[in-house]
Amino acid sequence: MEIQENITEPQAGATPRRRSITSYVPSGIICLAVVFGLFYFIGVKMGVANMLNTIMHTAHDLLLNTVFYLMGICVVTGALGRLFVEFGVVSLIEKLLRPLMGPLFRLPGVAALGAVMTFLSDNPAIISLAQDKRFGSYFKKFQYISLTNFGTAFGMGLLVMVFMMGQGFFLAPLIGFVGAFFGCVVSTRIMQHFVIRNYPEYLHESAIVAEKTPGNPLGNPEQDLAPEKAPEKSLFIRILNSLLDGGRTGVDVGIAIIPGVLIISTLVMILTFGPSSSGAYTGAAYEGIEILPWLASKINFVFEWLFGFHDPHLVAFPITALGAVGAALSLVPNFIAQGWADGNAIAVFTAIGMCWSGYLSTHTAMLDSLGYRELTPKAILAHTIGGLFAALVAHGLYVLVTLFL
């Protein structure tokens, strides 16, 4: 007798849709095989007890010593970012950057505002801005779609740079920022090429038509973007509100990165690091089976030539940054403690961390919210190329700069 189960609540007057439970078997078997295969492979190398203890101890140490540190940075940078918004610093920077938007990114000048906002916060800030009809009315459709790539390249930029500087590096993060900037140009331009090639009509179609309002009868977007007058407040209250509201936003960002850091970083560290200094597994934090360095060592000449990586362990950073840049940052202190990361590595990490900033986990949702989900593979491919180019530029610039210092 075939076993069946309801997967949706039946509506009034409708026949319930049923699916055989056997339809779940293939995916269920694959999931179980992958999960148990992974833990079996790790458990055989480390021992089951040591494996479980290492997972718990690593996650606990990451929570206490990395997540809370990152959250502290998020709170400070969030407060600073909101202060910049309140007192017009963001508007000033946006006006200074406007002349670069057309020649470099093929975007209207107001796109500079999106770059500043994502740099101060995170990738989704560009989508919140793009969904504003006043802002979106500046763009043709091919430009509007490419905002996903453009904004992602600067996501959490301030956090990444402050974190790297907190590790004792100052010049390298600045070089990495330049690399991320050029990576953004490449990613945005490639995405626009993909869109125009697949949808030639998007070259001339407006993304959003500005609405005509009593105060703006011609639908002029520039007029609509003018800030509304707010009630007058004292200087002290404005500063206090900016700092507290921005800090509260930083707490939200800090909490949001916890799953990525604890889950992704714990797995990556187990696959990156080796046993204890004695050569035995003790169940302590940050022990592992070194499978990623072993794989990277087979083609290490590629990473050394392209990025200047002198140790195969360093490849774990760009791999982790694909999913979450916060998780990737948690790897850096251990890399430095082990003596694997130098100034060149920090420059490359900053460039690729800023440019990618977890785009695999955000691009789908971002394009879906804009209404162009079918272009997600194109956006991911363009941004992969852009991130690699950012790392190449950062490595080349670091080599050139160190030659003259």
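## Valine 85

Valine 85 lies in helix H2 of this predicted model. Its relative accessible area is 39%, so valine 85 counts as partly exposed.

Leaving aside residues up to four places away in sequence, valine 85 is in contact with Val90 and Met117.

## Packing of H2 and H12

Helix H2 spans residues 48-86 and helix H12 spans residues 258-272; the two pack at an angle of about 130°, with their axes 9 Å apart. H2 is therefore oblique to H12. The crossing of these two helices is right-handed.

On the H2 side, the contact is made by Thr54, Ile55, Thr58, Ala59, Leu62, Leu63, Val67 and Leu70. H12 contributes Ile258, Val261, Leu262, Ser265, Thr266, Met269 and Ile270. By class, the residues of the contact of H2 with H12 comprise 11 nonpolar, four polar and no charged.

## Cysteines

The structure holds zero disulfides. For cysteine 184, the closest cysteine sulfur belongs to cysteine 355 and is 6.6 Å away; a disulfide requires sulfur atoms within 2.5 Å, so this pair is too far apart for a bond.

Cysteine 184 has a relative accessible area of 0% and is therefore buried. Cysteine 31, with a relative accessible area of 47%, is partly exposed.

Conventions
Residues numbered from 1 in each chain as written. Predicted model: local features only at pLDDT ≥ 70, side-chain atom pairs only at ≥ 80, totals over all residues. Heavy atoms only, no water. Axes fitted to C-alpha atoms, helices over the stretch in contact; angles between N-to-C directions. Helix = DSSP H or I, 4+ residues; strand = E, 2+ residues; numbered from the N terminus. Parallel < 35°, antiparallel > 145°, perpendicular 65-115°, else oblique. Left-handed = near helix turned anticlockwise from the far one by under 90°. Contact = heavy atoms within 4.5 Å. Nonpolar A, V, L, I, M, F, W, Y, C, P; charged D, E, K, R; others polar. Buried < 20%, exposed > 50% of the residue type's maximum accessible area, 1.4 Å probe, protein only.
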